[in-house]
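Open the model in your viewer and keep the residue selection tool at hand. The stops below go from one element to the next.

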Amino acid sequence: MISNSELFLRAKQVIPGGVNSPVRAFGSVGGTPYFVTHAQGPYIYDIEGNSYIDYVQSYGPGILGHAHPAVVEAITKTAALGTTFGAPTEAEVKLAEMVIERIQGLELIRFVSSGTEATMSAVRLARGATGRNRILKFAGCYHGHSDALLAAGGSGVANQGLSGCEGVTPGAVADTVVAPYNVVPEIDETFAAVIVEPVAANMGLVSPNSGFLEALRKVCDETGALLIFDEVITGFRLSYGGAAEYFGVNPDIWCFGKVVGGGLPVGAFGARREIMENIAPLGGVYQAGTLSGNPLAMAAGRVTLEFLDRDAYKQLTTTAARLADGLTDVFSSAGFSALLPRVGSLVGLFFGEKSPTNFDEAQELAGNGVYPKVFHALLQQGVAFAPGPYEGLFPSLVHTDEVIDRTLDLTASALESI
Ligand SMILES: *Cc1c(COP(=O)(O)O)cnc(C)c1O
C-alpha cells in the first residue's frame with residue numbers, strides 16, 4: 001500500500017507543490033496532505049484507508065454530501081450520450097430556467113466552467129455596460145484568480161501569505177481599488193463596479209454589518225456603478241434565493257459557482273436582461289468557453305438544485321447551528337476560546353475573543369497559531385476541517401444529527417491530546 005507521504009513525494013516531482021490548487025498542499029498547517037481515493041455522503045477516505053468526517057466538501061460544492069446516488073446516476077446516464085458537443089443542449093436551458101426561477105431579478109444567465117471565470121466575466125461585463133474602468137473590491141474577499149481581482153485576496157491567497165501576486169502587472173490592477181470590508185466606500189462616477197462577497201467566506205467567516213449591503217446598493221445607485229454579488233459560496237447555500245434573498249438586497253450582477261455545478265466544474269453569471277444584453281453574441285462584450293454549459297455539469301447541477309427546496313435550507317441551518325453551538329461548548333469546556341461565527345447555514349471558526357469584522361482582524365486571529373494544532377488533532381481523530389484558517393466549515397444535508405454529535409465527541413477527544 002502506498003502512503004500519503006510517498007504519493008506526496010511523487011506528486012511533487014510532476015505537479016508544482018504536488019497539488020493543483022495551493023491550499024491542498026497543507027502549507028499553512030504543515031504536514032502531509034491526505035490523498036483521496038473516494039468519498040461517500042459525509043465521509044472521505046484516503047489511500048492509507050483512513051476515513052474522515054468531511055467538513056471541506058470540496059470547499060462548498062458538496063451540499064448533498066459526496067457521491068449522492070441521484071447525482072451519480074445523472075452524470076453516468078448523461079456521459080453515455082456524449083460528454084461535450086460545442087452546440088447548445090436542453091440541459092443548459094433547464095438549469096438556466098431553474099436558477100432564474102429562484103433568483104428574483106435575475107433574467108439572463110450564462111454558464112462558465114469555474115467561479116473564477118464567472119467573476120472575471122462579470123467585471124468585464126460591468127466595464128462594458130458602463131463604459132468605465134475602475135472596480136472596487138474588499139480586502140479579504142476572494143473572487144477567484146483573474147489578474148484584476150487578485151489584489152488582497154482571501155482564501156488560498158491569504159494562506160500563502162501573499163498580499164498580491166507575482167506575475168500580475170501594475171497595469172492589470174491599476175483600476176482595482178481595495179477597501180476594508182464592512183466600511184462603506186466612497187466611490188464616484190469613474191467606477192464600473194463594486195464587487196463583494198455578501199457574506200465574506202474566504203477570510204474565515206465574516207458577516208456583513210447590518211446595513212452594509214444596503215449602503216453598497218445605495219452608493220452604487222448614486223454613482224451608476226454596478227453592484228456585483230459574488231455568490232459563489234452563498235448562492236444556493238445561504239437560502240433558496242442565495243444572499244440576495246437572505247438580506248433582501250439585490251445586486252446588478254450575480255456570480256455563482258460551487259453548489260450550482262453539483263460537484264462538476266461550473267460557474268455562472270447573470271443579471272437583468274438590459275445588462276446581460278451586452279454579452280456576445282447580443283453585444284460587444286466577448287465571453288466564451290469550449291466546455292461552457294457542459295452536459296455532465298448541467299445534469300449534476302440540475303439534480304442538485306432539485307434537492308434544494310426551502311425545507312433543505314431549514315435543515316442546513318439547523319445543522320449548522322447544531323455544529324456551531326456544539327463546537328462552541330466543546331472548545332470552551334476544553335479551555336479554548338473559540339469563535340464559531342454563523343450566518344444561516346454558513347459557519348466559520350476562529351480562535352480568539354472577538355469575531356472579526358474585516359481582513360485585518362481576521363488575519364490577526366488566523367495567524368495566532370492555534371488553528372494548525374486543532375486541525376491536526378482533529379484529523380488524527382478522523383475529522384477533516386480545511387487545511388487553512390481562512391475557510392469555513394461546510395456541513396451538508398447528509399451531516400445528520402448523529403454525524404454532528406459524533407464530530408463533537410471526536411473534537412472533545414482531539415482537544416485532550418493538544
Ligand atoms: C471559490 C470561490 C471563487 C472561485 O471559484 P473557482 O471555481 O475556484 O474558480 C470565487 N469567489 C468565491 C467567493 C469563492 O469562494
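How many bridges join strand 3 to strand 15? Select residues 51–54, which are strand 3: 2 bridges join strand 3 to strand 15, and the two run parallel. Strands here are DSSP runs of E, at least two residues long, and helices are runs of H or I of at least four, numbered from the N terminus; two strands pair if DSSP finds at least two bridges between them. Ile-53 has Val-383 of strand 15 opposite.

This is a predicted model, in which local features need pLDDT of at least 70 and side-chain atom pairs count only at pLDDT 80 or more, while totals for chains, interfaces and linings use all residues. Residues are numbered from 1 along each chain as its sequence is written, and side-chain values use heavy atoms, without hydrogens and water.

Now show the whole open sheet, with 4 strands in the order 1-2-3-15 and mixed pairing. Strand 1 (36–40) and strand 15 (383–384) are its edges, each pairing on one side only.

Next, select the open sheet of 7 strands, ordered 4-10-9-8-7-5-6 with mixed pairing. Strand 4 (108–112) and strand 6 (176–179) are at the edges with a single partner strand each, so one side of each has no neighbour in the sheet. Pick strand 5 (residues 134–138): strand 5 pairs with strand 6 in the parallel sense over 4 bridges. Ile-135 has Thr-176 in strand 6 as its bridge partner.
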